[in-house]
Amino acid sequence: MSDLQTLSNLFATTYNPDPNVQKAGELQIRKVGNQEGMVKLLLELIANDSVDLATRQAGAVYLKNRVYNSYTVDSENPRPDQVPIAASDREALKQGLLRLLAVSPSRAITLQLANTLKNIVARDFPDRWPGLLTEVKGLLALDPSSNIREVAAGCVAALEMVRAFRFRQQSDILPELVASLLPSLVDIANRLLATPPANASQEIPYMLHLILKTYKTSIVIHLSPHQQSRESLIPWGTLLFQVVNLQIPAEAVPQDEADRERSEWWKAKKWAYGILGRLFHRFGNPSQLPSSMQKEYKNFAEHFVTEFAPEIFKIYLHQIELFVSGQAWLSKKCQYQIFTFMTECVKPKSTWALLKPHYETLISSYVFPQLSFTPAKQELWETDPVDYVRTTVDEYESYDSPLSAATTFLLSLASNRTKTTFMTILQFVNHVLQSKPAAPQRFGALNMTAALGQLIMRHPDVKGNMEQFLVQHVLSEFSAQEPYMRAIAAEVLGTIEKAGLKWTNEQNLSNHFTAVTTLLDHPELPVRVQGALALTEMVTVHESVKSAVSPQVGKVIQTLLKLSEETDLDILNNCMETMVEQYQTELLPVAAELTARLCETYTRLAKEGVAADDAGLTENVENIMEQSVGEDKTFAAMGVAKTIGTIVSSVDSSPEILAQVQEIITPILVLTLESNLLDLYDNVYDLVDSLTFKLRTISPSMWTVFELTYKVFKGEAVDFLDEMLPSLDNFVSYGTDVFKARADYRQMVLDIYTIAVTSDHLGENDAVNGCKLAESMLLNLRGHIDEHLQSIITTAFKILDTAQTSALKLANLEVLINTVLYNPAAALHFMETIRAGGSRVFFDKWFEAINSEERLPRVHDKKLTIMALCTLLEMDPSAVPVAVQEVWSNIVAGVLNVFKALPRAIEARQALEKAYAEEDDEDEDDDDSRALNLNEEDDDVWDEDSAYIEMLANEGARLREKSEKQAAAGDDFSDDDDDDDEDDIIEELGYISPLDSVDPYGAFKQALTAFQMKNSQSYQASTTSLNPDQQTLLMEVMRIAETNQGAQA
């Protein structure tokens, strides 16, 4: 296609209101889009001012996607629809993109072109585009006063070059880019700031925003040596302080606060705050710097915390004073950054010394107003009560808001500097409440109490006073005129109850319970939600409340269902789960009805989630981290599925009701799998596992789920085998009659096993799961998979010498052991067929494991080996391959070795079961010192969060080092520490095997008798070669076998 007008008309069809015209245009673009010269023509189209702006934007979007998908093509894994961009077009892009950025007619087109540039840079810079850096530096060297659009294009290009390499862990490209570009950028920024904001064009704050964003992007992971130097740190620090202190006149920004928040001036200020926060948090805080980063950043951190942190603190404090006094406005993002920095100042000794004299003022004048009931909260309550509830009860919903950051700051003070701050904070709360202020301020004090509730109930001097606090300051608010006061009263009560309040007066408990129940019928949604949450906590803790609710539990559940349907809040699903667990007997008659209602909700949420995701497919890739409406619906559906799972668990005492419930649930399982709702597969397979395991049978409708499982595994869900395995094992274990009758079902399971073990796209954990599935077939379908035995052995032998992890080595070995148990003569024959001497190779590996103390660690491993060795002893001598005849006499000693370790394994399993049971009963919150620093002085604080960050950083450093070694060594790489890094293979307490009911002692006694009769010569050799200890053990095993036999009789 060579005609610009034809191309323009073609792209104009992509936004035609007629969907038929639009689709025809898109098909035509696909048809001609891969032609050589098309990209060059597109560049001309986008640059042409006579072409309609929307058409140029459509062309820019297409160009970005074409470059992203097909700038280069992976020759090893090409996609059939992928045609690489021709070399001439790639050259045209490199020659024209920067010029095009300088004449871009809109920010929307600039964004598309910038993404295009980044994708080319990531692939071609520096080797195949060596002149780019020089070109960009040339643009940045121009005078902004006369070449502002060219300089702006240079700023965009600088940002995209940095973005292309920001996540490269080990690369010398980014440090070189930073050293080359940042001096020019800071010089441009200073010249831009010479123009007062009131007189500045919109290009000035836009470019300032780009420059600061470039710096912030460059320090996501590393701080380069250049940036650590005084030559860079001082000019950039001066610039950042200047931007933070910059007073933006009202006429320079929109009047509407939401628009002002999004304005370029406030974006620039947000990035300045963000840079200072990042420098301190990741690189400049020596007391919290992980040990793996000490070598690279210790000197910088000590300099930064001494020279820069005090100045940042001083400037931020001034900004707070201006904001609190009404002299200046602060955007929400900037307030969030200020609170975050102040929180970072709590733990280091040096910055705590700066903060300590001011923390009381900060709490009373800055934190408290954030937690009070503001006009913004009132507006949200009235216009969108569901969103109000979501942002109130979901801690992840608004984590980057000033309110969330203020709460985090408050908690950090109380937990890390308890001795200094805790009582002062509580005195402030009490002072506010005792002064009987207006409702918004009372709300603030109670909101602070709710935030600190868990800590309050850990403090030995305070927790005993909370009953009186509730009676004095909270109970009356349940009847307050303002609905939000009732909601916060319920929140405080629920928090304190959850933290372990012990009532000394039963009447006080009764009064609060009565107050909470009145909220369930309140007309305001947030009040009902908080009432439901508080009631759930009370039911869980108090038998008297549980008994009082019992007659009305059906109504309570209906209220919770209605609230859940109105809000789609996962926390309400948690409430329903708790209620179902607490009232299993009472809810048994209505379990089916309740399940049906929940399944309706699940279906609605799943369909709405799919629709929302489909509608959002065209959203900008840069917003991919923003949680979408579809994700909200999906999370809510997950919560509903968990509640359904709780109902399944609660009715397992009644097989008839459970079977009825299963038939109600099966359609949502089918819906999820047919619709490829991958995010919900984990929940779906939890339900399938639970239903099939508890019923111990597979209903006709459930076989549809099995067939769909195979279908989705062969499609998009190939990496969900870990989630599928328990269900697949149940299908094989409890659907044996169907498997025996259905050769196609047997083939499906075999196919899953083969793919799991041999696919290059799956890892060793998937191969382990595949081996477990093969084991389930071999144990449960004895005599019915003869036609697959050779295939299973062939697959196992493929990885016999190449498996890396201990888990896969053992799982694969046990597949072969199971084939011996299934049919010893055939198994050994097939091993010889597959590889000459194959049976001996297998025997050597098996006996290496038998003679090792740790290679068969679990009870099942030992029982399986004993039973398989017993089948070998019972074999006809003529069927024994020549390759293993000379080691046949070692079998008896091998069995005795396993028997020797079996009692210890059984004892270890019982100890683990006991430990799990005790762990469930333990209260993890008993240790007050974990949350409160009761004995601290003003030294550096190192808490659980610090230790967690240390662990993450060190693990990241270890993995990077391993990756570098692997890259350097290539195929010759061998990690000697692999075995040390693996988790121990521990007992799988939930695993049920057909061997569980087998008596290995009796089986061995029977096999030994058969061995003596069939192969007396080998029997003689086997028994006479035993040492005295083994002979003693043999007699003990025989004694236990006879004892067990007598007990069974």
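Predicted model: local features only at pLDDT ≥ 70, side-chain atom pairs only at ≥ 80, totals over all residues.
Local features need pLDDT of at least 70, side-chain atom pairs count only at pLDDT 80 or more, and totals for chains, interfaces and linings use all residues. Numbering runs from 1 along each chain as its sequence is written, and side-chain values use heavy atoms, without hydrogens and water.

Visitor: What makes a residue part of the lining of the second largest pocket?

Guide: A lining residue has an atom within 4 Å of a pocket point. The second largest pocket is lined by 48 residues. Lys772, Arg858, Glu988, Gly990 and Tyr991 lie nearest its centre.

Visitor: Which helix gives the largest share of that lining?

Guide: H41 does, with 10 residues. Helix H36 (681-695) is among the elements that give two or more.

Visitor: How do you know how many lining residues are charged?

Guide: Asp, Glu, Lys and Arg count as charged. The lining of the second largest pocket has 17 of them, beside 20 nonpolar and 11 polar residues.

Visitor: Why is the span of H36 called close to the expected one?

Guide: The expected span is 1.5 Å times one less than the number of residues. H36 has 15 residues, so 21 Å is expected. From first C-alpha to last, H36 reaches 21 Å.

Visitor: What comes just after H36?

Guide: Arg696, with a positive phi of about 55 degrees.

Notes. 1 Å grid on protein atoms, 1.4 Å probe; cavity = no way out; pocket = protein on both sides within 12 Å on 5 of 7 lines; lining within 4 Å. Helix = DSSP H or I, 4+ residues; strand = E, 2+ residues; numbered from the N terminus.
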